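Hi,

Here is the structure I promised to pass on. Have a look at it first, and my notes follow below.

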Amino acid sequence: QVQLVESGGGLVQAGGSLRLSCAASGSFFSINAMAWYRQAPGKQREQVAVITRGGSTNYADSVKGRFTISRVNAKNTVYLQMNSLKPEDTAVYYCNADAITRSGRDDRWGQGTQVTVSS
């Protein structure tokens with residue numbers, strides 16, 4: 001089974017920065033795409049950024065130019081560097097991984113980490 005453990009959330013003032021990390025562990029052969037999602041109170045979960053195993057990335061329009069997703073395949077870890085944070089970035093951020101296991105593809109979610117941006 002695949003486990004995802006996130007870290008790095010917290011409280012920051014508008015204009016500040018945070019870096020989220022998500023490490024995958026457990027029994028799997030490899031991890032394809034890894035992504036960050038977020039869910040604000042009363043809103044649907046939305047994809048913030050995604051990165052393939054080869055390093056191709058895609059971002060939500062709302063975070064382009066401010067957030068950077070990266071990964072270290074050898075550590076099965078994905079990062080989200082968040083700069084120029086805005087109050088509207090406040091949400092619970094979730095890590096997602098598409099893992100290949102003995103049983104086939106396993107789509108996993110982390111437990112979520114709170115990011116709060118004060119104005």
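Asp-89 and Arg-66 are both buried, where buried means under 20% relative accessible area, exposed means over 50%, and partly exposed is in between (1.4 Å probe, protein chains only). Before I go on: this is a predicted model, so local features need pLDDT of at least 70 and side-chain atom pairs count only at pLDDT 80 or more, while totals for chains, interfaces and linings use all residues. Residues are numbered from 1 along each chain as its sequence is written, and side-chain values use heavy atoms, with hydrogens and water left out.

Back to that pair. Asp-89 and Arg-66 form a salt bridge, with the closest N and O atoms 2.7 Å apart; the term covers a side-chain nitrogen of Lys or Arg within 4 Å of a carboxyl oxygen of Asp or Glu. The two residues link distant parts of the chain, 23 residues apart: Asp-89 sits in the loop between β8 and β9, and Arg-66 in the loop between β6 (57-59) and β7. Strands here are DSSP E runs of at least two residues, numbered from the N terminus (helices would be H or I runs of at least four). Arg-66 counts as buried because its relative accessibility is 10%, and Asp-89 counts as buried because its value is 1%.

A polar atom of its side chain lies 2.9 Å from the backbone oxygen of Ser-62. Leaving aside neighbours within four places in sequence, Arg-66 is in contact (heavy atoms within 4.5 Å) with Gln-81, Met-82, Asn-83, Ser-84, Leu-85, Lys-86 and Asp-89.

Asp-89 also forms a salt bridge with Arg-38, and here the closest N and O atoms are 2.9 Å apart. This pair again links distant parts of the chain, with Arg-38 in strand β4 and Asp-89 51 residues away in the β8-β9 loop. Arg-38 is another buried residue, because its relative accessibility is 7%.

The structure holds six salt bridges. One of them joins Arg-105 to Asp-98, with the closest N and O atoms 2.4 Å apart. Arg-105 counts as exposed because it has 65% relative accessibility, whereas Asp-98, at 11%, counts as buried.

Now the core. The largest nonpolar core has 31 residues, of which Trp-36, Leu-80, Met-82 and Tyr-93 touch the most other members. By nonpolar core I mean a set of buried Ala, Val, Leu, Ile, Met, Phe, Trp, Tyr and Cys residues joined through side-chain atoms within 4.5 Å. The largest share of this core, five residues, comes from β9. Tyr-93 has contacts beyond four places in sequence that include Leu-20, Trp-36, Arg-38, Leu-80, Met-82 and Val-115.

Finally, the sheet. Four strands form an open antiparallel sheet in the order β1-β3-β8-β7, where two strands pair if DSSP finds at least two bridges between them. β1 and β7 are the edge strands, each pairing on one side only. The antiparallel pairing of β1 with β3 runs over six bridges, and Val-5 has Ala-23 in β3 as its bridge partner.

Cheers

Key:
Polar contact = N/O pair within 3.5 Å; in protein donor to acceptor, adjacent residues only side chain to side chain.
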